[in-house]
Amino acid sequence: MPNGRGRFAQFAFILTLAVFISELGSAQSSYQPSPENLQARREFQDMKFGMFIHWGVYSVLGDGEWVFHNRKLKVDEYNRLPMFFDPEKFDAHAWVSLAKSAGMKYITITSRHHDGFAMFDSKISDWNIVQRTPYKKDPLKMLADECHRQGIKLFFYYSQLDWHNPDYYPRGVTSWDNGRPDHGDWDAYLDHYMDGQLTELLTNYGPVGGIWFDGMWDKPNADWHLDKTYALIHKLQPAALIIPNHHQTPRPGEDVQTFERDLPGQNTAGFNTNYVSSQLPLESSDTLNENWGFNIGDSKYKSAAELERRLVRAAGNNSNLLMNIGPYPNGEIDPQFVSRLHEIGEWMSKYGDSIYNTRGGPIPPGDWGVTTQKENKIYVHVLNWSAPMLALAPVTRKITAAHTLPENSPVEFTQNPDGLILKLPPAKENETDRVIVLTTSM
Ligand code: FHN
């Protein structure tokens, strides 16, 4: 039992902590992004194309990242999995170089998924790669160092949902009886465990692009102490962007609106919001085959042309594209992913000008294609149009010239207040996108 002075010290500590926490909280309710943060948002929008990586001890079973849940395993059973995770072929240089060769400018990797297993050296709990696997090393540290060397931004995916920690209680909609006790300390889970790990991620890995949250949808009505967590992140690294995949309208403190397997506002997946922020940068994520984590039975790889079209449609909808790969448990990347990423890289080396640093263009996207724009250029991306004449909605800026990318051949056009007509060159064989660059008088 603490004595009188001890009790006073304890009381003073709790009071200080409460004031600190409430200050952090109110800071985010009236969130004013810092200049560094606003700059990071613009840079995020300029990057346009990122690599999403789902990799964890679940990869060993080759059955996706939900295998713990899908097989209704007990915690004691899942605890055996890390013993088999030994990614001796993991090569941070090769991963980052692959992203770069695809024309990707950032990487978002699972620092921990819903199994709660930290893929980094965490002192908060021993449920992590250094302490539980024969590998014993921290791949995120190697990746962060390599990203800094090669000039690629690194974001950490962090699952707020946890199927392993007993303090993730009361449980959420994805819960099953996996042997955890029917009690737990929710506040400790958030304030000690989660915020503790986030502090590690934002302290030990150099400048981080941001934190990509996922899993809040498991307990949509819980108090997630978001204000406090968001304030902590912005305090530790003001330029770090908070990207929540909660499938809801953005809240104060959030810096990017992300859409899972959907273009902004389209909600074909059924769980995204139709609301599209006009203030925040946008991002759309998808999988290169059909799964996020390595799935040995999944060979439904999208073609490079299909991926390029998705990237173009994302850019035309003012959004980034975050394209996922699930590496093997030994650290290698499926050659099917590699070859497609190289193909996209070649395509980006010719057409990248019409994607990087652009924003959604002035003409509304349609089945025919989309437009992007930067400075005095409008890029018309013709994705689905076979006739030579393409009639588009009016453009208010005066167009002074039109030419093809990358050949730079002139294109005939007519502009009047009713619209814009382009005489398209015939599509070449296997051409993903016919790009016409319009030069405007600003
Ligand atoms: O449940 C996860 C899933 O495993 C994956 O991580 C994706 C990526 O956007 N997000 C989830 C569900 O929203």
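1. Into which domains is the chain divided? There are domain 1 (3-357) and domain 2 (361-440). Keep in mind that this is a predicted model.

2. The C-alpha centres of domain 1 and domain 2 lie 37 Å apart. The two domains do touch: 16 residues from domain 1 and 20 residues from domain 2 take part in the contact.

3. On secondary structure, the chain has eleven helices and 16 strands. Its radius of gyration is 24 Å, close to the 22 Å that the globule rule gives for 442 residues, so the chain is as compact as a globular protein of that length. Along the principal axes, the C-alpha atoms fill a box of roughly 85 × 45 × 40 Å.

4. Of the 442 residues in the chain, 55% are buried. Among contacts with a separation of 6 or more, 70% are between residues 24 or more positions apart.

5. The surface comes next. The chain exposes about 18,800 Å². Carbon and sulfur atoms supply 54% of that area. As for charge, the chain carries 42 positive and 53 negative charges.

6. The buried residues are Leu226, Lys228, Thr229, Tyr230, Ala231, Leu232, Ile233 and His234. Note that Lys228 and His234 are on that list.

7. Now the backbone. Most residues other than glycine have a negative phi, and most peptide bonds are trans. The next two points cover exceptions.

8. Two peptide bonds to proline are cis. The bond from Tyr169 to Pro170 has omega near -5°. Pro170 is in the loop between β3 (153-159) and α8 (186-201). The bond that joins Leu405 and Pro406 is also cis, with omega about 5°. Pro406 sits in the loop between β13 (399-405) and β14 (413-416).

9. Two residues other than glycine have a positive phi. For His247, phi is near 65°. His247 lies in the loop between β5 (241-245) and β6 (257-260). Is His247 buried or exposed? With a relative accessible area of 17%, His247 is buried, because the cut-off for buried is under 20%. For Asn408, phi is near 70°. Asn408 is found in the loop between β13 and β14, which also holds Pro406.

Note on methods:
Residues numbered from 1 in each chain as written. Predicted model: local features only at pLDDT ≥ 70, side-chain atom pairs only at ≥ 80, totals over all residues. Heavy atoms only, no water. Helix = DSSP H or I, 4+ residues; strand = E, 2+ residues; numbered from the N terminus. Rg over C-alpha atoms; globule rule 2.2 N^0.38 Å. Buried < 20%, exposed > 50% of the residue type's maximum accessible area, 1.4 Å probe, protein only. Contact = heavy atoms within 4.5 Å. Areas by Shrake-Rupley, 256 points an atom, 1.4 Å probe, with all protein chains shown as cover. Lys, Arg positive; Asp, Glu negative; His and termini not counted. Charge placed at Lys NZ, Arg CZ, Asp CG, Glu CD. Domains from an automatic or database assignment.
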